[in-house]
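This report describes one protein structure, feature by feature. Keep the sequence and the 3D view at hand while reading.

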Amino acid sequence: MALRSDWSERTCSMARGLDILGDPWGVLVLREIFFGNGRFDAIKDRLGASDSVLTRRLAALVDAGLLTRRPYDDGGRSREEYVLTAKGQDALPVLNAVVIWAEKHLPAPTPEAHMFVVHTGCGQRTSSADTCTGCGERLTAGNTSWHSLTRTDQPVPLATAPRNGAAA
């Protein structure tokens, strides 16, 4: 069953992009993967999504090529976790833009309900989705952290796509 209308064949690039990145659950799943939470139960616990919602969103992100499954051993039981692909990693500026826009324009319900994009290289928060406004370096998953005050006191380095089959 389709999650919603299929916009994958539209002539507008924005419409085609939103076909994949326009679903809030899908974007929140990507957030969790970037935070390093690639296991189904960890994502489910953090998002509070039902099994069926999460299963459909993960399958859609895998089908779209943003995520892939990687086996891991869960104490004698073989399971799969989700990791970014290079295509999924390239979605980082979109997620950064949402965070930066929300911090600028939407009031936080609590003092802890803030999230910031931090360039790990210079340690500065940035107000640009793709370039550090502190030092001018291009932001990548490898040099960017997110600081969610509801999660931790320190910025969290982002997960990256595995290289040559190695762990992210």
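## The model

The structure is a predicted model. Residue numbers start from 1 along each chain.

## The four-stranded sheet

Four strands make an open sheet in the order β4-β3-β5-β6, and their pairing is antiparallel. The strands at the edges are β4 (124-125) and β6; each has a single partner strand, so one side of each has no neighbour in the sheet.

The pairs can be followed strand by strand. Two bridges join β3 to the antiparallel β4, and here Val 118 has Arg 125 in β4 as its bridge partner. On β5, strand β3 (residues 115-119) pairs over five bridges, again in the antiparallel sense. Within this pairing, Met 115 stands opposite Ser 148 in β5. The last pair is β5 with strand β6 (residues 156-157), antiparallel and held by two bridges; Trp 146 stands opposite Val 156 in β6.

## Strand β5

Why is β5 described as largely enclosed by the rest of the structure? Five of its five residues are buried, so the strand has the rest of the structure around it for the most part. In a regular strand, side chains alternate between the two faces of the sheet. For β5, one side carries Thr 144, Trp 146 and Ser 148, while the other carries Ser 145 and His 147. Both faces are covered, as the residues on each side are all buried.

## Helix α2

An α-helix has 3.6 residues a turn, so residues three or four places apart point the same way. The buried residues of α2 are Gly 26, Val 27, Val 29, Leu 30, Glu 32, Ile 33 and Phe 34. Just after this helix, Gly 36 has a positive phi of about 95 degrees.

Glu 32 belongs to helix α2. Its relative accessibility is 0%, which is why Glu 32 counts as buried. The side chain of Glu 32 makes a polar contact of 2.6 Å with that of Asn 37. Another polar contact, of 2.2 Å, joins the side chains of Glu 32 and Arg 151.

## The largest pocket

Rolling a probe the size of a water molecule over the atoms shows where empty space is left. The largest pocket holds about 510 Å³ of space. Its lining consists of 21 residues, and those nearest the centre are Arg 31, Val 99, Ala 102, Glu 103 and Met 115.

Which elements each supply at least two residues of this lining? They are α2 (24-34), α6 (92-105) and β5 (144-148). Helix α6 gives the most, with five residues. By residue type, the lining divides into 14 nonpolar, three polar and four charged residues.

## Salt bridges

Side chains of opposite charge can pair when their charged atoms come close. Across the whole structure, a search finds seven salt bridges. One of them is between Asp 23 and Arg 57, with the closest N and O atoms 2.8 Å apart. This pair links distant parts of the chain, 34 residues apart: Asp 23 is in the loop between α1 (13-21) and α2, and Arg 57 is in helix α4. Both Asp 23 and Arg 57 are buried.

A salt bridge also joins the side chains of Lys 44 and Asp 51, at 2.7 Å from N to O. Lys 44 is partly exposed, with a relative accessible area of 28%, and Asp 51 is partly exposed as well, at 40%. In the salt bridge between Glu 81 and Arg 70, the closest N and O atoms are 2.9 Å apart. Glu 81 lies in strand β2 (residues 78-84) and Arg 70 in strand β1 (residues 67-73), so the pair ties together parts that are eleven residues apart in sequence. Glu 81 counts as buried because its relative accessibility is 14%, and the cut-off for buried is under 20%.

## Thr 55 in helix α4

Thr 55 is part of helix α4 (residues 51-63). Is Thr 55 buried, partly exposed or exposed? Its relative accessibility is 44%, so Thr 55 counts as partly exposed. Thr 55 and Phe 40 are 15 residues apart along the chain, and 8.4 Å separates their C-alpha atoms.

Note on methods: This is a predicted model: local features need pLDDT of at least 70, side-chain atom pairs count only at pLDDT 80 or more; totals for chains, interfaces and linings use all residues. Side-chain values use heavy atoms; hydrogens and water are left out. On a 1 Å grid over the protein atoms alone, a cavity is a set of points where a 1.4 Å probe fits but cannot get out, and a pocket is an open set with protein on both sides within 12 Å along at least five of seven lines; lining residues have an atom within 4 Å of a point. Grid points are joined across faces, edges and corners, and a volume is the space filled by probe spheres set on the points. Ala, Val, Leu, Ile, Met, Phe, Trp, Tyr, Cys and Pro count as nonpolar, Asp, Glu, Lys and Arg as charged, and the others, Gly among them, as polar. Buried means under 20% relative accessible area, exposed over 50%, partly exposed in between (1.4 Å probe, protein chains only). Two strands pair if DSSP finds at least two bridges between them. A salt bridge is a side-chain nitrogen of Lys or Arg within 4 Å of a carboxyl oxygen of Asp or Glu. A polar contact is a pair of N or O atoms within 3.5 Å; within protein, one must be able to donate a hydrogen and the other to accept it, and residues adjacent in sequence count only if both atoms are side-chain atoms.
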